[in-house]
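Subject: Structure for you to look through

Hello,

Here is the structure I promised to pass on. Please open it next to this message and follow the residue numbers as you read.

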Amino acid sequence: MSRSIVRQSRFRHVFGAGVKAEQGYDDIRVSKVTWDSNFCAVNPKFLAVIVESSGGGAFLVLPLSKAGRVDKNYPLVNGHSGPVLDIDWCPHNDNILASGSEDCSAMVWQIPDQALSRPLSEPIVVLEGHSKRVGIVSWHPTARNVLLTAGSDNLIIVWNVGTGEPLVSMEDHPDLIYNVSWNHNGSLFCSTCKDRRLRVCDPRKREVVAERLAPHEGIRPMRAIFTKDGNIFTTGFTRMSQRELGLWDPTHFEEPIALLELDTSNGVLLPYYDPDASMVYLCGKGDSSIRYFEITEEPPYVHYLSTFSSKEPQRGMGFMPKRGVDVSKCEIARLYKLHDKKCEPITMTVPRKSDLFQDDLYPDTAGPEPALEAEEWMEGRDEEPTLVSMRMGYVPPKSRELKVARKNVLDSRPSTRRSVSACDANSLPPQVLERLLEELQNLKSTVLSQEKRICDLENKLSQYTNGTA
C-alpha cells in the first residue's frame, strides 16, 4: 500500500492572524489614486501611508506604537505639489524616507523619532530629473545613500542622495515601467515594462544584460522580484486573463524553472519576498486574501503553503523588514493591510512549543548598517548586506544623520540646484571640460531657437485674435 510523502519544511504550518482592533490604525483616508503601488511602507519604527489630501500630495507617518484612532488633524508630510505615488523607507536609516509624486520629483525626508507635532513640508533633498510623474522609488540594499527612481517618462535614474546628484541614467525602456527590484547585493536590478519584456539591467554599465519577451502571455501588468539566489520571481496573467506566477533563471530565460496558474481575477499580484525564509507573500489589490509560497531547490520549486483570508478587500500592503518582527512569538513576517479607512497589521507565525530562541527560523538578517559607500559602489565594488543577529531581538537606534564620505545635503541644506561656476574647472581633464562647454553651447542655441519659435507663434496668435491676419 503506497503512502503519500509529505514534504518536510519548517514553514509548512505558518499561519496568519489579524491583530485586535485596538492594535490597528483607524480613520486613515487612504489615497484613491489609480496607481499600482503599495501605498504603504513600514519599518521597525514607523508606519507610512499615502493619504488623500487637498492641494497636493501627502502621506501620513505614525510611530508603530501610536495604534488606535488617528486624529483627523494629525500632521502630514505634504511637500509634494501633486499626488504621492510611491514611498520607501531607507534600509540603512529608519528615520529616512523617499517619496515619488505626480509633480515629476522625488523627495527624501528625515522623520523625527517622536510623533510629528506640525506638518512637515521641507524635504532634506529634492531630486529633479524626470519630465513626467515619478511612480517608483527604491533604495539600494547595500550601498549608503543610493536611491533608484523610475518615471512615466520611461527613464530610470540612480541617485546619490548624499549629494543630490544623479549617478546613472538609463533610457532602455520604450514604454511605461511597472516595477523595479534590486538583487540581493545591488549589482543588478530587474524591471517589468508595458512592452511585455522582463529585463535584467546592470546600472553601472548602463546596459540590459538579459531580457525575456512575455514571461506571462497576458497583456496585463507584470511584477518581478529577485530572489536571494539570483533567480527572478514573476507574477502576471495568462492569455485567458488567469493570474499566474513564474520562477526564472536570468542566465537561461528560454524556459521557466516553474510556471503556475492561480485564479481568475483582475487585481495585479504584488509579491513580497522574505530572503531569510525564502518565502513569497502574494497580495492582490482588491483581494481579501494573502497567499504564501516557499521557494526551494527541489521540484516543483515554488511550493504553495497556505492562504490568509479576511472579509475586507485590501487597497495596499506594507511589509515589515525581518528585524522588525517579534522573535519571542515565533513571528516570521508582518504585513500591514490597507483598508479604505484603516490599516490592519497581520502577523505570520510558526507554531512552536518552546519559548527558547528558534535558530532555524531566524538566521542572521540584513541590518541597518550599509556595506559600502555610494562612491565605492559606482567604482564597481559589490558587497553582501551587513548581517545582524536576531537572538536578542532588534532595538531600533535613535534618530541619526546619514554619514557620507563627501558633502552631504542631509547634514546641511544648500539650494537644490548647483551652479556650474561652483565646480572646480581646474580639476577636470581638458577634453571633458571642452565637451561640457560644447554641450552647454548646444543647449543654449536650442533654447534660443525655441524661444524665437514661441515668440513667432504668439505673434501669429495675437494677429488672429485681433482679426488682423
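Start with Arg196, which sits in the loop between strand 17 (189-193) and strand 18 (197-202). Arg196 has a positive phi of about 70 degrees although it is not a glycine. With a relative accessible area of 29%, Arg196 is partly exposed. On that scale, buried means under 20% relative accessible area and exposed means over 50%, with partly exposed in between (1.4 Å probe, protein chains only).

Before going further, note that this is a predicted model, in which local features need pLDDT of at least 70 and side-chain atom pairs count only at pLDDT 80 or more, while totals for chains, interfaces and linings use all residues. Residues are numbered from 1 along each chain as its sequence is written, and side-chain values use heavy atoms, with hydrogens and water left out.

Confidence

pLDDT is the predictor's confidence in each residue, from 0 to 100. Its mean over the chain is 89, and 87% of the residues reach 70 or more. Over residues 411-427 pLDDT stays under 50, and the model has 10 contacts beyond four places in sequence for them. A contact means heavy atoms within 4.5 Å. Where pLDDT is low, the predicted coordinates should not be read in detail.

The chain as a whole

The chain has 2 helices and 32 strands. Of its 469 residues, 50% count as buried. Among contacts between residues at least 6 apart in sequence, 52% join residues at least 24 apart. The accessible surface comes to about 23400 Å², and 50% of it belongs to carbon and sulfur atoms. That area comes from the Shrake-Rupley method with a 1.4 Å probe; for residues, only the protein chains shown count as cover.

Cores

A nonpolar core is a set of buried Ala, Val, Leu, Ile, Met, Phe, Trp, Tyr and Cys residues joined through side-chain atoms within 4.5 Å. The largest one has 40 residues, and those with the most contacts inside it are Ile28, Leu47, Phe59 and Tyr336. Several strands supply at least two residues each, including strand 3 (40-42), strand 5 (57-63) and strand 29 (331-338). Strand 4 gives the largest share, 6 residues. Another core, of 27 residues, lies apart from the largest one and includes Tyr281, Cys283, Leu361 and Met390.

Aromatic pairs

Rings of Phe, Tyr and Trp (its six-membered ring) pair if their centres lie within 6.5 Å; planes under 30 degrees apart count as stacked, over 60 as edge-to-face and the rest as tilted. By this rule there are 10 aromatic pairs. The rings of Phe59 and Trp109 are 6.1 Å apart at their centres with planes at 80 degrees, so this pair is edge-to-face. Phe59 is in strand 5 and Trp109 in strand 10, so the pair ties together parts that are 50 residues apart in sequence. Phe59 is buried at 0% relative accessibility, and Trp109 is buried at 0% as well. Trp182 and Phe189 also form an edge-to-face pair, 5.8 Å centre to centre with 80 degrees between the planes.

Cysteines

How many disulfides does a search of the whole structure find? The search finds 0, a disulfide being a pair of cysteine sulfur atoms within 2.5 Å. For Cys190, the nearest cysteine sulfur is that of Cys201, 8.7 Å away. Cys190 is buried at 0% relative accessibility.

Backbone details

Cys330, in the loop between strand 28 (316-319) and strand 29, has a positive phi of about 55 degrees although it is not a glycine. Cys330 is buried, with a relative accessible area of 4%. A cis peptide bond joins Pro299 and Pro300, with omega of about 0 degrees. Pro300 is in the loop between strand 26 (289-295) and strand 27 (302-309).

Regards

Key
Helix = DSSP H or I, 4+ residues; strand = E, 2+ residues; numbered from the N terminus.
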